[in-house]
Amino acid sequence: MDELKTTDEGSGPENGAGAGEALGEGVSPRDGEALKPSSPHSAPNDAETPAKEDSSEAVILAAGLTKRYGRETVVDNLDLRIERGDIFGFLGPNGAGKTTTLLMFLGLTLPSAGSVRVLGEDPVKEPLKVKSQVGYLAENMGFYGDLTAYENLSYVCELNKMRDYGEKVEEVLGLVGLSEVAGKLVSEFSRGMRQRLGLAEVLVKDPKVVFLDEPTLGLDPDGINTMLELITRLPGERGLTVILSSHLLYLVSKVATRVGILKKGKLLAQGSIAELAGKTGLEADLEAIYTYYFRGEAA
Amino acid sequence: MLAVIKKELADHFGSTRFLIIMSLIFMVSFLLTHLAGRAIGDVLTEGGSELLEGRTFLLLFTAPAAFFSLSVFLCLFGPLVSLVLGFDSINRERNQGTLSKILSQPIHRDEVILGKYLAGLITIAIMLASLFLLITGFGLLGVGVVPSADELVRLALFGLLSVVYMGFWLGLAILLSICFRSVATSAMAAAALWIFIVFFLPILIQAGASAIAPFNDPQRPQAEELVSFTRAHKILTLASPAGLFTESSSMLLDPTHRGSDEALQIALMSRLDRYLLSRFQGGISIGQSLIIVMPDLLILACFSLLAFILSYVLFIKQEIRSV
């Protein structure tokens, strides 16, 4: 909680409009049991219960998703539904389980319990089908420094078994504003350029969903604005669904149509900012809503 | 997987450290071949061509030059090439954040490890093939030795044996790169294992054989004691990849070499028997050499497979974690 950074930026009511549907409370997705409070605090658990709902428009549908490492539970009984075209902001402090959840969505980490469907596919049983439609920008995305930007992208294309990818590579390099430096070694890139190259690597395979894990990490204000602008354009221009994991509330509130609040692996709430404001009786201010759920007390 | 192999091959042949170790291997090999070539030239000049009949060309690989023969050099220092190729293959990708990127693409996890292993083997095979071809050329030009078909087949089999042997070290290096997150630690572990297996294990085997089958008087060993010792030594050598390689390469490259068992039988023969044998028995055929060498070769292949399978299983079981 202490690691959470907030600002007043972008917390206006215009960010509250979302594509999320009404929250259904209190029914477990799998066995119909009443949901127990997920936090020792008195805050209500408004996490949706999606598993039995119509999944036709659901890009991601998780039910009881749990991940344990030994005795430690990193993700705890997560129920989540993300709709097509959403920019879903996954909120929580460092160590809340955001990255682990994304890795389970990709099939890179196996769930200890529960299930998840990504674009209708089970990432545990059909990881290749999922990974061919999902782009993932990891928190500490690595690159081959001895290769140029163009060569790094070409390698991703080859791993995706794409043919005649030259034009595609040039297109995404243009989209992220790196056309001029396509032939430059990545080891000479700044942090911001690397992040944009990471986004290009995510987009080059024409995914349907993108997972962006702390995409603005280490960027200067200009870099952050450029990245956010790019992210905002993705659903409209490329028909993508974006899952944006971050602990920076003001960034998420700028771009997200819906948010999910995660604490110690438990999903405390999910919905549009307006919906969550309605439930909590607060203004459509993500910071206040977050504080309400996270601390278990009215802000 | 082809994409991974292509990328790895480009990395290997563009890697400074690989080029350095390869240059070193090539330089020493040429030096040893040159010295061996001079020695062969001397024998030929002195009219000893009968002595070398049928194995003149292969002597370039087996004749002990200043310190050791080329085949022994490959046994001792060839593993360094494999270790350089593999010791950071996985942990480097993990540390620089490219492993999760590769694995988030639509490829199976085993394609990554298999691609890296195969690319390493191809690199080793290309390096050895180039080395052997250059030495062949040197033999033709420098010493005037034209290899016979039999010798070329034996050399090809030795090349295959070398790839299998160095494949063991490659598997071991990749295994270390999976076990240790730090590149420096896996490099140190690789160096330690190399020193132990190549230099200390033969000493331990010698000591073990002496303990199992001791000599009452080491200065004058009895025939039965010698037999017991040799057998114990041979059995213990089965646990040493370097020992297996040495034994197999001697057998393949030297048609007159008959392995420890037969050598022992000859040693135990009477003087007359030995004389008769030397008069009527020449070098053995490739088929016979292969039959003799096959058990050692299979065990060596098992070592290589085991090292790779361990890497494979460990890599498949490792999860990508957020921290």
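Buried area is the accessible area, taken with a 1.4 Å probe, that two parts lose on being put together, summed over both. By that definition chain B and chain A bury about 2,400 Å² between them, with 55% of it on carbon and sulfur atoms. The model is predicted, so that local features need pLDDT of at least 70 and side-chain atom pairs count only at pLDDT 80 or more, whereas totals for chains, interfaces and linings use all residues. Residues are numbered from 1 along each chain as its sequence is written, chains are lettered from A and ligands numbered from 1 in the order in which they are written, and side-chain values use heavy atoms, with hydrogens and water left out.

**The interface**

With contact taken as heavy atoms within 4.5 Å, 24 residues of chain B touch 31 residues of chain A. Of the area that chain B buries against chain A, 25% comes from B:Lys7, B:Lys101 and B:Pro106, more than from any other three residues. B:Lys7 also lies over the face of A:Tyr144, at 3.7 Å from the ring centre, and its charged end sits over the ring of A:Tyr155, 5.7 Å from the centre of that ring; a charge counts as over a ring if NZ of Lys or CZ of Arg is within 6 Å of the ring centre and within 35 degrees of the ring normal.

Between chain B and chain A there are 2 salt bridges, each defined as a side-chain nitrogen of Lys or Arg within 4 Å of a carboxyl oxygen of Asp or Glu. One of these joins A:Glu158 to B:Lys6, with the closest N and O atoms 3.8 Å apart. On the side of chain B that touches chain A, at least two residues each are supplied by helix H1 (2-14), helix H5 (91-96), helix H6 (98-103) and helix H7 (109-143) of chain B, where helices (H or I, at least four residues) and strands (E, at least two) are DSSP runs numbered from the N terminus.

**Aromatic pairs**

Rings of Phe, Tyr and Trp (its six-membered ring) pair if their centres lie within 6.5 Å, and planes under 30 degrees apart count as stacked, over 60 as edge-to-face and the rest as tilted.

| Pair | Centre distance | Plane angle |
|---|---|---|
| A:Phe88 and A:Phe90 | 5.8 Å | 65 degrees |
| B:Phe168 and B:Phe303 | 5.8 Å | 70 degrees |

Because B:Phe168 lies in helix H8 (residues 149-179) and B:Phe303 in helix H14 (residues 286-317) of chain B, their pair ties together parts that are 135 residues apart in sequence. B:Phe168 and B:Phe303 also belong to one aromatic cluster, whose members include B:Phe61, B:Tyr165 and B:Trp169. B:Phe168 is buried at 6% relative accessibility, where buried means under 20% relative accessible area, exposed over 50% and partly exposed in between (1.4 Å probe, protein chains only).

**Local features of chain A**

A:Phe211, in strand E6 (residues 209-213) of chain A, is buried at 0% relative accessibility. Leaving aside its neighbours within four places in sequence, A:Phe211 is in contact with residues including A:Ile60, A:Leu102, A:Val134 and A:Ile243.

Most residues other than glycine have a negative phi. A:Lys161, however, has a positive phi near 55 degrees, and A:Asp164 has a positive phi of about 50 degrees. A:Lys161 is placed in the loop between helix H3 (149-159) and helix H4 (166-175) of chain A and is exposed, with a relative accessible area of 54%. A:Asp164 is placed in the loop between H3 and H4 of chain A and is exposed at 77%.
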